[in-house]
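Here is a briefing on pockets, surface patches and salt bridges. Look at the sequence and the fold first, then read on.

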Amino acid sequence: MHNLEKGCISFGLAKRFYDSLALFQQSLGWRMPIVFSSAKVRSQNIIQMDDLVNELIVRRNTLDEKLY
(Lines give C-alpha, C1' and ligand atoms only; values in the text may rest on other atoms or scores of the structure.)
Protein backbone atom coordinates (compact mmCIF):
# COMPACT_ATOMS: atom_id res chain seq x y z
CA MET A 1 0.00 0.00 0.00
CA HIS A 2 2.90 2.33 0.79
CA ASN A 3 4.39 1.83 -2.68
CA LEU A 4 1.06 2.59 -4.30
CA GLU A 5 0.61 5.75 -2.26
CA LYS A 6 4.18 7.05 -2.57
CA GLY A 7 5.84 5.46 -5.59
CA CYS A 8 3.22 5.10 -8.33
CA ILE A 9 1.81 7.75 -10.60
CA SER A 10 -1.31 5.67 -11.05
CA PHE A 11 -2.53 2.10 -11.01
CA GLY A 12 -5.58 0.31 -12.29
CA LEU A 13 -7.89 -2.54 -11.52
CA ALA A 14 -8.87 -5.23 -14.01
CA LYS A 15 -12.48 -4.98 -12.84
CA ARG A 16 -12.43 -1.25 -13.71
CA PHE A 17 -10.40 -1.58 -16.92
CA TYR A 18 -11.94 1.32 -18.85
CA ASP A 19 -11.78 3.66 -15.86
CA SER A 20 -8.15 2.65 -15.33
CA LEU A 21 -7.28 3.50 -18.93
CA ALA A 22 -8.86 6.92 -18.52
CA LEU A 23 -6.88 7.46 -15.31
CA PHE A 24 -3.63 6.46 -17.05
CA GLN A 25 -4.38 8.81 -19.91
CA GLN A 26 -4.98 11.70 -17.54
CA SER A 27 -2.15 11.10 -15.08
CA LEU A 28 0.48 10.18 -17.69
CA GLY A 29 -0.47 12.91 -20.16
CA TRP A 30 -1.34 10.58 -23.03
CA ARG A 31 -2.62 12.69 -25.92
CA MET A 32 -3.36 9.95 -28.43
CA PRO A 33 -6.70 8.18 -28.26
CA ILE A 34 -6.57 4.80 -26.57
CA VAL A 35 -7.16 2.00 -29.06
CA PHE A 36 -7.31 -1.64 -28.06
CA SER A 37 -9.12 -4.81 -28.94
CA SER A 38 -10.29 -7.52 -26.63
CA ALA A 39 -9.65 -11.18 -27.24
CA LYS A 40 -12.59 -13.50 -27.62
CA VAL A 41 -12.77 -16.19 -24.97
CA ARG A 42 -14.15 -19.47 -26.18
CA SER A 43 -15.88 -21.80 -23.79
CA GLN A 44 -13.44 -24.57 -24.72
CA ASN A 45 -10.64 -22.48 -23.15
CA ILE A 46 -12.41 -22.21 -19.80
CA ILE A 47 -11.38 -24.77 -17.22
CA GLN A 48 -13.22 -25.86 -14.10
CA MET A 49 -11.36 -25.58 -10.81
CA ASP A 50 -11.96 -27.83 -7.89
CA ASP A 51 -12.62 -26.38 -4.42
CA LEU A 52 -9.03 -26.91 -3.25
CA VAL A 53 -7.55 -24.91 -6.12
CA ASN A 54 -10.12 -22.18 -5.64
CA GLU A 55 -9.33 -21.97 -1.91
CA LEU A 56 -5.58 -21.67 -2.65
CA ILE A 57 -6.24 -18.82 -5.06
CA VAL A 58 -8.41 -17.01 -2.53
CA ARG A 59 -5.75 -17.38 0.19
CA ARG A 60 -2.98 -16.04 -2.04
CA ASN A 61 -5.01 -13.06 -3.21
CA THR A 62 -5.87 -11.57 0.17
CA LEU A 63 -3.72 -8.50 -0.46
CA ASP A 64 -5.39 -7.97 -3.84
CA GLU A 65 -8.78 -8.07 -2.16
CA LYS A 66 -7.61 -5.63 0.52
CA LEU A 67 -6.40 -3.25 -2.18
CA TYR A 68 -9.66 -3.52 -4.08
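**Salt bridges and surface features**

D19 and R16 join their side chains in a salt bridge, at 2.7 Å from N to O. This is a predicted model, where local features need pLDDT of at least 70, side-chain atom pairs count only at pLDDT 80 or more, and totals for chains, interfaces and linings use all residues. Residues are numbered from 1 along each chain as its sequence is written, and side-chain values use heavy atoms, with hydrogens and water left out.

**Salt bridges**

- A search of the whole structure finds 2 salt bridges (a side-chain nitrogen of Lys or Arg within 4 Å of a carboxyl oxygen of Asp or Glu).
- D19 is partly exposed, because its relative accessibility is 43% (buried is under 20% relative accessible area, exposed over 50%, partly exposed in between, with a 1.4 Å probe and protein chains only).
- R59 and E55 are 4 residues apart in helix 3, so about one helical turn separates them (helices are DSSP runs of H or I, at least four residues, and strands are runs of E, at least two, numbered from the N terminus).
- R59 is exposed at 52% relative accessible area, whereas E55 is partly exposed at 36%.

**Nonpolar surface patch**

- I9, F17, Y18, L28, W30, I34 and F36 make a nonpolar surface patch of about 730 Å².
- Patch residues have over 30% relative accessible area and no salt bridge; nonpolar side chains (Val, Leu, Ile, Met, Phe, Trp, Tyr) are joined within 5 Å, like charges within 9 Å.
- Accessible areas come from the Shrake-Rupley method with a 1.4 Å probe, and for residues only the protein chains shown count as cover.
- W30 sits in the loop between helix 2 (17–28) and helix 3 (51–60).
- W30 counts as partly exposed, because its relative accessibility is 38%.
- F36 lies in the loop between helix 2 and helix 3, and is partly exposed at 41% relative accessibility.

**Largest pocket**

- The largest pocket has a volume of about 160 Å³.
- L13, A14, K15, D64, E65, L67 and Y68 line the largest pocket.
- A pocket is an open set of points on a 1 Å grid over the protein atoms alone, where a 1.4 Å probe fits, with protein on both sides within 12 Å along at least five of seven lines; lining residues have an atom within 4 Å of a point.
- By class, the lining has 4 nonpolar, no polar and 3 charged residues.

**Distances across the chain**

- F36 and L67 are 31 residues apart in sequence, and their C-alpha atoms are 26 Å apart in space.
- L4 belongs to helix 1 (residues 2–6) and is partly exposed, with a relative accessible area of 25%.
- L4 and Y68 are 64 residues apart along the chain, with 12 Å between their C-alpha atoms.

Technical notes:
Points joined across faces, edges and corners; volume = space filled by probe spheres on them. Nonpolar A, V, L, I, M, F, W, Y, C, P; charged D, E, K, R; others polar.
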